[in-house]
Amino acid sequence: MSIDTLVNDRDAWTIALVGAPGVGKTRFISRVGFVCVRFTLLDASTSLCWMTLKFLFLELDGLTSKQGFSKRFAVDNQDTLVTLVDVYQNRQGTSEDDVDSLLRDADAFILMYSSTSPYSLQDVVAYTRRVRRATASYAHDPVLSLVANQRDRPAQDKEVSRLEGEALARELDCPYTETSAKTGDGVHGVVEDLVRALRARQEQYARKQENSKIGRAVRSFLGRR
Ligand SMILES: Nc1nc2c(ncn2[C@@H]2O[C@H](COP(=O)(O)OP(=O)(O)OP(=O)(O)O)[C@@H](O)[C@H]2O)c(=O)[nH]1
């Protein structure tokens, strides 16, 4: 989360989904009820077409952006605009710099693996390193949420236990949730909890700023006496 985000008095958040191919990122996004249209990064020749599309979509609730899918909804009775970005979706058309820039633009991260794939759990560790590297210059640690998707799959398909997921979440110092992008189980809760965490962080930052303003005013008052 950049300083810009923290000082902005807004309730609009970009959440990046990172995780191995096939874990369910796209399905998760459509579950949240987002307009789910895949765009690859656009080159100059298509940017005019993109601008037209963007203009058309902006008036709609489910507006979509270059790689994100946005939706306005209420969390704790307060309106918020959330954009979900599937960072690794466009791997073929996306350079490493593009990926870093998408990560830098995000306010929070859903680190997704599938409970049917131990490899996808290992990938989460590598993706988290990358997220931390991309956001290293920010004032705060990134807001993370570890998601074990495909919880609806039968027990014999499950190769990663809840305990392993929880242990990784402790290591990453973030919440752990099991979801099913197929049935929708747990999906909205993950997004809503991230919005709550981001709001809390924004409020904390605003309070800190206010306190240091008061501190400066008091020091200057005492200095004048
Ligand atoms: N049973 C079940 N299947 C799921 C779930 N989530 C995704 N799938 C299926 O898993 C496959 C891959 O899902 P995607 O959403 O395309 O996965 P992705 O992470 O976006 O994959 P990439 O686009 O390759 O990065 C699809 O066939 C989905 O229908 C889930 O929670 N349960």
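A nonpolar core is taken here as a set of buried Ala, Val, Leu, Ile, Met, Phe, Trp, Tyr and Cys residues joined through C-beta atoms within 7 Å. A residue counts as buried if 20 or more other C-beta atoms lie within 10 Å of its own, as exposed if 12 or fewer do, and as partly exposed in between, with C-beta atoms placed from the backbone. The model is predicted: local features need pLDDT of at least 70, side-chain atom pairs count only at pLDDT 80 or more, and totals for chains, interfaces and linings use all residues. Residues are numbered from 1 along each chain as its sequence is written.

The protein chain holds 7 helices and 6 strands, where helices (H or I, at least four residues) and strands (E, at least two) are DSSP runs numbered from the N terminus. Their order along the sequence is α-β-α-α-β-β-α-β-α-β-α-β-α. Of the 225 residues in the protein chain, 34% are buried. Contacts are assigned to residues whose C-beta atoms, placed from the backbone, lie within 7 Å. Among contacts in the protein chain between residues at least 6 apart in sequence, 75% join residues at least 24 apart.

The largest nonpolar core has 44 residues, of which Ile 15, Ala 16, Leu 17, Phe 109 and Leu 111 touch the most other members. Residues up to four places away in sequence aside, Ala 16 touches Val 85, Val 87, Leu 102, Leu 103, Ala 106 and Phe 109.

Helix H5 (residues 118-134) comprises 17 residues and reaches 25 Å from its first C-alpha to its last, close to the 24 Å expected at 1.5 Å a residue; the expected span is 1.5 Å times one less than the number of residues. Buried positions in H5 are Ser 120, Leu 121, Asp 123, Val 124, Tyr 127, Thr 128, Val 131 and Ala 134. Seen down the axis of H5, these buried residues fall within an arc of 150°, so they line one face of the helix; the arc is that of the directions from the helix axis to the C-beta atoms. They pack against strand E1 (12-19), helix H4 (96-105), strand E4 (108-114), strand E5 (143-149) and helix H6 (162-172). Tyr 119, Ala 126, Arg 129 and Arg 133 are exposed on the other side of H5.

Arg 196 lies in helix H7 (residues 187-224). Arg 196 is partly exposed, with 13 other C-beta atoms within 10 Å. The C-alpha atoms of Arg 196 and Asp 76 are separated by 8.5 Å, although the two residues are 120 residues apart along the chain.

How values were computed: Contact = placed C-beta atoms within 7 Å.
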